[in-house]
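User: I am new to this structure and would like to learn how to read it feature by feature. Could you show me the model and begin with the idea of burial?

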Amino acid sequence: MVSAGSLARRETIALDMAQQPIELILARQLASGLVVPVLLVDQRGDTVFFNEPAELLFGRRFDEIDLLPLEGRTAALAPADVEGRPLDADHLPAVVAMRERRPVHTTIQIHGPDGVLHPVETTVFPLESAGGTLEGAFVILWSTRGDDGPGERA
Amino acid sequence: MKVTIWGSRGSIASAGPETVRYGGNTACVQVSDGPGTIVLLDAGTGLRRAGVALATTDDVIHLLLTHLHMDHIQGLGFFRPLFQDGRELHLWGPPSTTLDLRDRLTRYLSPPLFPVRLRDLPSRVELHDVPLDGWSIGAFTVRAATVVHPGPTVGYRIERNGATLAYLPDHEPALGGLDDQPSWTSGYDLAAGADLLLHDAQYTPAEYDERVGWGHSSVRHAVAFADLAGVRRLALFHHDPDHDDEALDRLLAEGRSLARRTEVVPGCEDTALEIG
């Protein structure tokens, strides 16, 4: 089993390279054209990109930051499960998807810029290259039916 | 390091009086640094003439394929060293998640597309999936990385004694975003600081607009990529088969006018470039 901690130990591989893996580059291009909020995380779980719809969730533009570390994203969104219990890093959908190399679809709650908890359906699939290297994950955050979403209220 | 261009055309060979200066053979480049080991990049129709020259030597030949589109492998069946008894050759190609390199090449090197099967060749051919973490070929240090182009495709970076060649003949960095962000630019690590970059420059900007996603670059994109990567010299490569010598002269002039730091040179067949 891979934990967030062991994912973190692999970061030196990515950080030593000036260029993102081609899978992340192409995923960013796809995410840029989608209407749903999308985050791209690297193999450590750090957010390396989010699209304009996701900017509403974070309350800030991606161009204002270079990278949002896993810890920073966790602090900003304060994710919780459907019962409102805080999710630690090892149980975040993206971390689970990369650790277990499988898609994850689940409902969580996140704090928007309005400070209110909002339910979001989260779909994550890991990005594994042809050579078998885990490069990161593609994270889609869907506002659940009946909720205006944190962005709309922000 | 001596870099010899045996073919620089893209898509399909285009011999004729209108292409004599830039050449009509498809991609094939030879890299050498004294006797012993020869590195060839791609097996387009230019490989035939390379084979005529190399058949008189006993150098070990390493043929590095960027991908298996026809304009990059068509010369294989006419490469004289493949038909020399006992000649040692190594074929390197991009890894695939489904078929190995032999199975994929056999689709071409077998009837009905070609009369001779790969397994019937008298030479000693070894096939290798390209490792994506670098390796050595003789005195050369080679690195490969996947790049933006349809299908499994790699580019190469070859170093020797402080001289660096980058080879990205089929590459569309603009598809991933070519906006002064090295970390989000396909191929950047391969080309960074290279003495010479052979790069896809197939289209005019107007042609590119009609062919986004086809896996190729405009001259403008090639120059922007080379400038971003801090390349010393850019040779325009993978010329469109419909571009005659005069059209390529105009593209060269456009490239030179756009370049901020990179020296732009024509990628002409039969050209030998020294680096290092």
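Analyst: A residue counts as buried if 20 or more other C-beta atoms lie within 10 Å of its own, as exposed if 12 or fewer do, and as partly exposed in between, with C-beta atoms placed from the backbone. Helices (H or I, at least four residues) and strands (E, at least two) are DSSP runs, numbered from the N terminus. In helix α3 (residues 22–32) of chain A, the buried residues are A:Ile22, A:Leu24, A:Ile25, A:Ala27, A:Arg28 and A:Ala31.
This is a predicted model, in which local features need pLDDT of at least 70 and side-chain atom pairs count only at pLDDT 80 or more, while totals for chains, interfaces and linings use all residues. Residues are numbered from 1 along each chain as its sequence is written, and chains are lettered from A and ligands numbered from 1 in the order in which they are written.

User: What do the buried residues of α3(A) pack against?

Analyst: Packing is read through contacts, and two residues are in contact if their C-beta atoms, placed from the backbone, lie within 7 Å. The buried residues of α3(A) pack against β1 (38–42), β2 (47–50), β4 (117–128) and β5 (134–143) of chain A, and also against β8 (140–146) and α3 (173–176) of chain B.

User: How many helices and strands does chain A have, and how many residues does each chain bring to the contact between them?

Analyst: Chain A has 7 helices and 5 strands, which follow one another along the sequence as α-α-α-β-β-α-α-α-β-β-β-α. Of the 154 residues in chain A, 40% are buried. The contact between the chains takes 11 residues from chain A and 19 residues from chain B.

User: How should I read the sheet of chain B, and what is the order of its strands?

Analyst: Strands of a sheet pair through backbone hydrogen bonds, either parallel or antiparallel. Two strands are taken to pair if DSSP finds at least two bridges between them. Chain B has an open sheet of 7 strands in the order β6-β5-β4-β3-β2-β1-β14, with mixed pairing. Its edge strands are β6 (124–129) and β14 (272–274) of chain B, each of which pairs on one side only.

User: Which strands pair with β4(B)?

Analyst: Strand β4 (residues 60–64) of chain B pairs in the parallel sense with β5 (residues 88–93) of chain B over 4 bridges, and 5 bridges join β3(B) to β4(B), which also run parallel. As for burial, 4 of the 5 residues of β4(B) are buried.

User: Which residues of helix α1 of chain B are buried, and why do they lie on the same side of the helix?

Analyst: In α1 (residues 47–54) of chain B, the buried residues are B:Leu47, B:Arg48, B:Ala50, B:Gly51 and B:Leu54. They lie on the same side of α1(B) because they cover an arc of only 160° around the axis, where the arc is that of the directions from the helix axis to the C-beta atoms. What covers these buried residues includes β1 (2–7), β2 (28–32), β3 (37–41) and β4 of chain B.
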